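Colleague: Before I use these coordinates, could you take me through the model and how far to trust it?

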Amino acid sequence: MKKNSTLSDKLKKRLKAYSLTAGALAAGVTGADAQILYTDVDPDAEADGVDSVFLDLNADGIDDFKFYVNNGATASNAYNVYRAFASARNNNAIVGTYSSSGGYSYPYAVNAGDTINESLTFQNGTFQTIGWDYFYYTNSSTAPFTFGNVRWGSGDQYLGLRLEVDGNTHYGWARIELDNTGGGAGVMILKDYALELTPDLGIPAGDTAYPAPPAGIADQSELGYNMFATGNEIRVNATETIDRMTVTSVGGKVVAQLSDVRGNKTVQLGTASGVYFVRVETAKGTRVEKFYID
Ligand SMILES: [Ca+2]
Ligand SMILES: [Ca+2]
């Protein structure tokens, strides 16, 4: 077993920081159910022969998937060998096939725009072969040996992901590339990923906001309030009445709900740390805020 890499720790810190400030969110504002939590990994994370990449799809501090690479060459040096693997941790799963003869799972590359939902076949398992390719050592063209469904050197590809959290099923995607341009030192690159927050609802591969946020969403001041999170609480100052304010977890669980909020108000959450959403409904319109709660 590989131990957790320093890259992973750095990535986690970066993703946690990222969730405070950014993300494309189209939650509830149109009345539709789709709510996508999108994260651009910046800079991209790379799994190589040393470092693994851990993906915490819903930013709750629990790694949900792991990606790792194992390169090599045949004994005769006739071929370079590039191997990229995925591990679906806990009860999570990846869209793919299973070979009963070898007992191996092979994730699929999902076409951009294809919906990832319960109609696809998912594989659990901590040892899944994404792509295992041989290239001629001398001229870097593909040798006639490949395993798995995703080819090295084929550019951006999407993996379909299924996450089990708080007893709910969520779907997501991750955009990866198997990059063999560095000679024998192939890297698997994790570029960005997204999670549909509404349980059981499918997500199109590559979509970052669906439905698209309507133009001209009012900002906080236009709706007459100011809101921020500190520690385990959310503080709001409302100069106009907030009809309803609903705090939900990434798993879709309502953790607090208040009515007729006006003036200064502190909402103590008493929940586990992670990303939470606050839906604010006023006479002038509705907004959804996203906060990282410690
Ligand atoms: Ca997680
Ligand atoms: Ca990126």
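Modeller: Of the 294 residues of the protein chain, 40% count as buried, a residue being buried if 20 or more other C-beta atoms, placed from the backbone, lie within 10 Å of its own, exposed if 12 or fewer, and partly exposed in between. This is a predicted model, in which local features need pLDDT of at least 70 and side-chain atom pairs count only at pLDDT 80 or more, while totals for chains, interfaces and linings use all residues. Residues are numbered from 1 along each chain as its sequence is written, and chains are lettered from A and ligands numbered from 1 in the order in which they are written.

Colleague: Which element has the lowest mean pLDDT?

Modeller: pLDDT is the predictor's confidence in each residue, from 0 to 100, and its mean over the protein chain is 83, with 84% of residues reaching 70 or more. Elements here are DSSP runs numbered from the N terminus, helices being H or I of at least four residues and strands E of at least two. Strand β9 (residues 122–123) has the highest mean, 98, whereas the lowest, 41, belongs to helix α1 (residues 6–21).

Colleague: How many contacts does the stretch of residues 1–8 have beyond near neighbours in sequence?

Modeller: Two residues are in contact if their C-beta atoms, placed from the backbone, lie within 7 Å. The pLDDT over residues 1–8 is below 50, and where pLDDT is low, the predicted coordinates should not be read in detail. With that caution, the number in the model is 11.

Colleague: Which residue takes a positive phi in the hairpin of β16 and β17?

Modeller: Strands pair if DSSP finds at least two bridges between them, and six bridges join β16 (residues 225–230) to β17 (residues 233–249) in antiparallel fashion. Thr 230 stands opposite Glu 233. Two residues lie between the strands, and the one with a positive phi, near 55°, is Gly 231.
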